[in-house]
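Please read it with the structure open.

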Amino acid sequence: MSTSTSAPAASTSKVHQPTWTPPVVELEEPVLKVWNSLTRSKVEFIPMRSRQVTWYNCGPTVYDASHMGHARNYVTQDVLRRIMRDYFGYDVHFVQNITDIEDKIIVRARQEHLLRELNASTTSLTPQLIADTREAWVFFFNKNIAKFLAPTDIPAQGQEEAAWDEVLAGKYQKEEAWRIELEAKEEKFSMYWKVLTVARASIKSAETSLSKGENSLEIAHQLIKGVSDPLSVILDKKHGHLLTAPSISRNLAAFWEDAFNKDMAALNVLPADTVTRVSEYVPEIVRFVEKIEERGFAYSDGDGSIYFDVAAFDGRKVNEDGTQEEWEHNYAKLAPWSKGNSRLIDEGEGESSSRSPSDFALWKSSKAGEPFWPSPWGQGRPGWHIECSVMASEVLGRQIDIHSGGIDLIFPHHDNEMAQSEAYHDCKQWVNYFFHTGHLHIEGLKMSKSLKNFITIEQALEKFTPRQLRLGFMLQTWNAKMDFKESAMQEAKGLEASFNNLFANIKARLLQAEAKPQDFDGKHYYDEEEKLLTKNLAQAQHAFRVALCNNFDTVGALQTLSELTGKANVYLQLKRPNLAPARTVAEWIGRMLRMFGLGEGESNEIGWGLKRQEGEGADRETILLPYLRALAAFRDEVRKLAIAKADPSETLALTDHIRDYELVELGVALDDQPDGHALVKLVPASTLIEARDSKIAAAALKASQSAALKEATRLKLVAKMEKLKIPASEMFKPPHVSEGTYSAWDERGLPTKDGEGVELSKSKVKKAGKDFEAQVKGNAEYEKWSLEQGVKNISLSK
């Protein structure tokens, strides 16, 4: 009989986990609030579709070089986009348009096309070419200058050139009040005058050449170039109506679009997720306008142009049948106070209707010399405002989260965009948040491309790095006016240098620790200093998030990073710091800076993590040889000093020289430490050179000031001694006093009578006696000083 062992019966009692207590929130998570131009206030950002954000940004009108106003706008939008995407974790679909159909593009393209044709057909300098340029000059003068002159200054027909040469040119130079009065009438007056001055000089030069029998193609082309602005205007007036091919304006736009993209890449601006061009969306624009017209919000002028009917739209009740909540359309939501502002409407570049100045063109009948596309209303082209509405709707749908652009676009462009989009979609709110970047001024003056007083991006990058420009923009509130000036950029450079210093210090410490590991001594080295730095990091991380939640406050965010950098540098001064918390701080600071687009790299990288620079990745010989040559040269000099049994100070001077010159040129910094071991840091050579040269300049200034002070002291002393060396017995006699001051003296040389023989008063005798005794002491002081100097006679020269 077999036996078996059965498992013990399961316990019938139930086992319960202890009650869990939810954490008590000690620090609230800040909420992202943004400045919304639709409310003129900061409001909570609420995307429509979870963390998916649709964003449309007004792109450039491509007909000329991009300037610093563009840089401020597009770099700022890039910073906001990166914060949304890489810090707050939103999935952003960023769409940006390229305006390649627009009046300025069409006119500029025609003019440049005609100038190219003239250049190509010209084979030599001829009397006819000179006559044509003179005609162009006179036309330009009458069109842009004559109408602003006083009646007495306007030359008779055919006398324009003579009046310019004999009177007007000199008057402009010499009579400032006259010039200022004209500039007050027309802000472009100085620009026009400069164009005519250059053109007139070119014509005279060509006339001189032709009179000497010089008529080469080169001279002809120089003439065309010098008179290019007036020539392009008159050529366009004569022949522009014949140029209607869309390819002419598209070629110009493509050239400047490519230049714009290169400028943006140089500034480390991310390319848009989707790029739209007006010329590629004309069929969609036609359908969009058709629907607006069908809804009763547009009308035809009878000549093939279609205009938006503001009066029909503004206040139109919607859903009047009562099936849904009733609401009404509103025009000019962004700037209702600007309704009917003729100046802003004219500056907005959208063609207005003759029926009402507020009504703007949705579709324009093409005039002679303009490209055209087919439509139900005849051959024409899109109005300026319609393009963004159509392209944003086509790509992002009937409602978008964010629309952005420069503050100058608020009215009428963006207000018109919203009106026509809400008319098309029959919706109450086409855009939920409008971000408008502030104007950029140059040293207090507003830039203007038309006035040609702007700084191009290419010019700015000759003076500042892309990172410095971005830091400069970020040190200003993104939606406020910014004054681009030298002092602001120096602040950006200083901030960059402080971050560079931290990254160099911590990387050098880490490399030093790897090369020379510490002996294990059983201590953890996580004491009060480490706890404080870790606490500082946590506080900074929260303050950083609070700043960015407060309308993308990059000023406050950078200030937080700067303060933490200072605390980390102080910590690194400890004799034996625990590098772990310092490394964590440096990694986080670098990660946040890269998040802003100030560099690129891995998440755990220390520093800016910039893209590979020219020369990196080269072979071992190319990399090492400059350093090895410096080391070999240093060794040679040390050997020479040793063989010559030179003074140790000469060797020390040699070590300072290689530190301050050869290694600096190679981007190596050596920091002397108390323990006698130099801390090796890799820093951009340009940064080290600038710091070294500044230090040398400061030392030279200090030395010159010290020498000047020493010389001034010496001269003062010599002047004093010149007075003290006068014998007391002679001090009241000429030439030490004016002739005739006194007429009698006693045996010591003290005066007893004035120049007229009158006895001196007791008070004057007493004062003279005191002065005499003082000079006797001075004589003794002078004799002592003379003996010390080893000279008998002292003059004012060294």
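**Notes on the predicted model**

1. Tyrosine 525 sits in the loop between H17 and H18. Look at its backbone. Its phi is positive, about 55°, although tyrosine 525 is not a glycine. Most residues other than glycine have a negative phi, and most peptide bonds are trans. Keep in mind throughout that this is a predicted model.

2. Phenylalanine 552 belongs with this point. It is placed in the loop between H18 and H19. Phi of phenylalanine 552 is near 55°, again a positive value in a residue other than glycine. Is phenylalanine 552 buried or exposed? Its relative accessible area is 1%, under the 20% cut-off, so phenylalanine 552 counts as buried.

3. Next comes helix H19, residues 554–571. The buried residues of H19 include Thr554, Ala557, Leu558, Leu561, Leu564, Ala568 and Tyr571. An α-helix has 3.6 residues a turn, so residues three or four places apart point the same way. Thr560, Thr565 and Asn569 of H19 are also buried.

4. What covers the buried residues of H19? The cover includes helix H1 (68–87) and helix H16 (466–474). It also includes helix H17 (486–515), helix H18 (528–549) and helix H20 (579–595).

5. Helix H14 covers residues 410–425. Its 16 residues should span 22 Å, and its end C-alpha atoms are 21 Å apart, which agrees. How many residues of H14 are buried? The count is 16 of the 16, so H14 is largely enclosed by the rest of the structure.

6. H14 has two backbone details to check. The peptide bond from phenylalanine 411 to proline 412 is cis, with omega near 5°. Proline 412 lies in helix H14. Just after H14, aspartate 426 has a positive phi of about 55°.

7. Another cis peptide bond joins proline 734 and proline 735, with omega about 10°. Where is proline 735? It is in the loop between helix H23 (685–724) and strand E19 (742–745).

8. Compare two single residues. Serine 209 lies in helix H6, residues 189–211. Its relative accessible area is 12%, so serine 209 is buried. Leaving out residues up to four places away in sequence, serine 209 touches Leu125, Glu214 and Ile219. Aspartate 675 is in the loop between strand E17 (668–671) and strand E18 (679–682). Its relative accessible area is 53%, over the 50% cut-off, so aspartate 675 is exposed. Aspartate 675 and isoleucine 46 are 629 residues apart in sequence and 57 Å apart in space, C-alpha to C-alpha.

9. Now the whole chain. It has 24 helices and 20 strands. Its radius of gyration is 40 Å, whereas a compact globule of 798 residues would have one near 28 Å. The C-alpha trace spans about 140 × 125 × 65 Å along its principal axes. Buried residues make up 43% of the chain. Of contacts between residues at least 6 apart in sequence, 72% join residues at least 24 apart.

10. Last, surface and charge. The accessible surface is about 43,600 Å², and 53% of that belongs to carbon and sulfur atoms. There are 99 positive and 114 negative side chains. The centres of the two sets lie 6 Å apart.

How values were computed: Residues are numbered from 1 along each chain as its sequence is written. This is a predicted model: local features need pLDDT of at least 70, side-chain atom pairs count only at pLDDT 80 or more; totals for chains, interfaces and linings use all residues. Side-chain values use heavy atoms; hydrogens and water are left out. Helices (H or I, at least four residues) and strands (E, at least two) are DSSP runs, numbered from the N terminus. The radius of gyration is taken over C-alpha atoms; the globule rule is 2.2 Å times the number of residues to the power 0.38. Buried means under 20% relative accessible area, exposed over 50%, partly exposed in between (1.4 Å probe, protein chains only). Contact means heavy atoms within 4.5 Å. Accessible areas come from the Shrake-Rupley method with a 1.4 Å probe; for residues, only the protein chains shown count as cover. Lys and Arg count as positive and Asp and Glu as negative; His and the chain ends are not counted. The place of a charge is taken as NZ of Lys, CZ of Arg, CG of Asp or CD of Glu. The expected span of a helix is 1.5 Å times one less than its number of residues.
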